[in-house]
Amino acid sequence: MSDVAERKALDLPTILEHATALHAAHPYGPLPNDGQPYPDLGPVAGRPSTRRPYGERRGLLFDLVRSVHADTPAPDRAGKRLAEALAAMGADCRMAVPLREVVVDFDPGWRRQVGRKLAYGGHERGTVSVGLALLAGTAERDDAGPVRLLGLLGRPLGEIAIRVLRDIPGAADDLIWLADRSDPWRRARAVRALCALAEPATFDWLLAHGVGPDGRSMTNARRIAETVGIVDRLVADDVDGDVVEQAGRVLLAMSQRAAGNAELRGYADAPAAVSRFAHAAPIMTPSFDRYALVVALLADLSVGQAATLDWPRQELDRVRSGLDDLLAQPAWVEVLETARRSADSQTHHRAHWAAWARTTNGWPPPVGNTGNETTSRISIRVAVADPVYAGAVETRIFVDGRPVVVETFTAGPAESPEYLLGLDHRLRADVEPHEVRLAEADCTEGCCGALHVTIQRRGDEVVWRDWRNPDAPGLVLPAYTFDAAQYDAEIARAESDHSWEWPERTVARLVRKRLREEPALLGGWDCQPGWLEARANDRGRIHVSYGYPRRPGAGEEPWLQFVAVLDVPAGDPAHVVDDVVRRLCASDPRRQDRLAGGSEESARQLGFQWPPTRT
């Protein structure tokens, strides 16, 4: 670093001073924009070393730290030498976590003293992150305060700060402090660290605050259940309604697809925990949030993971009946009716979902086998998550009362009813066999697989055979044979049942149908329709995608994707759809502000400006 550059850097606040000042201004929540703009953005940007490949820069960093440790045993001199070299290098703070393994055998006292100098005196985040990596496993109780402040600054620093705090004796409260002031990603990491510590003093906080409606926190639900022992908590002499509700929310989070791969089924105490929740649920004072919780768990007991647990004989029926009876009590009925009368659109929508889920989805369970040994029975239910969770709308398929897709595929949700039961009638059987995708991984089929089955009509029977998952070549499932009359009747019933829809979802279905039946609506602008969505967490709007040109050529022919976000006015969906289609198609829909996909070169060739954020 040149003398001028060094003086300029020293004029800046340290990263710790920056975090301290921001926390003073925002003491009770996450820092705005993770603390950006950081004071080191100017000095670091544009250095030649920062433009090298990540792997090369990581190797240089590791070699530098090893060299200084070997050649400079005095911590003061080592800290100064490292600080100068790291500043010149423009170290990447993402390298801190792997660096921990490189320094694990270094002298702990050396690591602690050098780490403090870099972490607390560093003017650049890369330097600070190296200091935190050196402190991991060597920091003492007095380090917890500054480390947790540094953890407020974005993901890389947050992750390594959490690792440092986890190893400091008595720093569990500091992890809670950081979790309460972090974004969902860092909060989930802090909760995971608290579960690893398993300190009883933290159990109340973990149960009350460890999970929420965001996907990140749900990934910790099973860890929390196992750490705090919710089975025992639900039968404790001093259990109260709040604890029962909190335990129920942890159980519900495990059943959500955002929690990961079948977390509830992986929880060894799940049947006992759900059973004890059902037994203790009458302790709760009725509220609409609690009504929605019970409804969601009841639905999962019928069409979700909870239905697939290894239940003792007749216990599943007892649990379902107990929760259903609870919701039928006058005080619980009243909280639902109050919510249905609410002027708040979100509350009203959620109440509509709760009423539907109670009567249609949650009870009774799909019919099982009638005793015929040669044919099976198919049943279909649409599962809609509590709108607060904004989960996928799934087509749950049962064979002889067993949810075969949920039991077989855990990497992602079952396909939507629009996909399986919509205009393409994918589940209908014909003499010509065809393959249908029943579920896909949350990422993509190409990444983590999907579940496929081949459907074929054979006389008065329908056969499902040749199950396939590209990510699990050893998958073996039996072929199922259905009576064609029962199969056809169930598919027809499911295709015509739209009771699960909310108004925007109905409008989206009708718009999709209109665009399919009248291709000239978008075709007049040389566009063709793509996907349509009505999102549970985006009320009052639908998202409509369409491609241009209408029939793009193969190979290198240019193409673009547009997405229109259209307001859905109140009213009868059958009439509303006319207004939505008019606003979409009456004038040129190829608007610059709707450009959402394709490539910069395609945009140039087709006369559009590629959005700056995508360059």
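This is a predicted model: local features need pLDDT of at least 70, side-chain atom pairs count only at pLDDT 80 or more; totals for chains, interfaces and linings use all residues.
Asp174, with a relative accessibility of 5%, counts as buried, because that value is under the 20% at which burial ends.

## Salt bridges

The partner of Asp174 is Arg148: the two residues form a salt bridge in which the closest N and O atoms are 3.0 Å apart. Whereas Asp174 is buried, Arg148 is partly exposed at 22% relative accessibility. A search of the whole structure finds 55 salt bridges, and the Arg148 and Asp174 pair is one of several described here.

In another salt bridge the side chains of Arg468 and Glu435 meet, at 2.7 Å from N to O. Here too distant parts of the chain are linked, with Arg468 in strand E6 and Glu435 in strand E4, 33 residues apart. The side chains of Asp488 and Arg457 likewise form a salt bridge, with an N to O distance of 2.9 Å. Because Asp488 lies in helix H27 and Arg457 in strand E5, this pair ties together parts of the chain that are 31 residues apart in sequence. Salt bridges with shared partners also join Arg112, Arg116, Glu140 and Asp143 into one network.

The table collects the relative accessibility of some of the residues in this report.

| Residue | Relative accessibility | Class |
|---|---|---|
| Arg148 | 22% | partly exposed |
| Arg468 | 33% | partly exposed |
| Glu435 | 40% | partly exposed |
| Asp488 | 31% | partly exposed |
| Cys93 | 12% | buried |
| Cys443 | 41% | partly exposed |

## The sheet of E4 to E7

Four strands make up an open sheet in the order E4-E5-E6-E7, with antiparallel pairing. Strand E4 (434–440) and strand E7 (480–483) are the edge strands, and each of them pairs on one side only. On average, neighbouring strands of this sheet are turned by 30 degrees against each other when direction is ignored. Strands of a sheet pair through backbone hydrogen bonds, which may be arranged in a parallel or an antiparallel way.

Within the sheet, strand E5 (residues 450–458) pairs with strand E6 (residues 461–468) in the antiparallel sense over six bridges. Along this pairing Ile455 stands opposite Trp464 in E6, and Arg458 stands opposite Glu461, also in E6. The hairpin of E5 and E6 has two residues between the strands, and in it Gly459 takes a positive phi near 65 degrees. On to the next pair of strands, E6 and E7 run antiparallel and are joined by four bridges, with Val462 standing opposite Phe482 in E7.

Strand E10 (residues 560–567) pairs with E11 in the antiparallel sense over two bridges, and Phe562 stands opposite Leu595 in E11.

## Cysteines

How many disulfides does a search of the whole structure find? The search finds zero disulfides. For Cys443, the closest cysteine sulfur is that of Cys448, and because the two sulfurs are 3.4 Å apart they are too far from each other for a bond; the cut-off for a disulfide is a pair of cysteine sulfur atoms within 2.5 Å.

Key. Residues are numbered from 1 along each chain as its sequence is written. Side-chain values use heavy atoms; hydrogens and water are left out. Two strands pair if DSSP finds at least two bridges between them. Axes are lines fitted to C-alpha atoms, for helices over the stretch in contact, and angles run from 0 to 180 degrees between N-to-C directions. A salt bridge is a side-chain nitrogen of Lys or Arg within 4 Å of a carboxyl oxygen of Asp or Glu. Buried means under 20% relative accessible area, exposed over 50%, partly exposed in between (1.4 Å probe, protein chains only).
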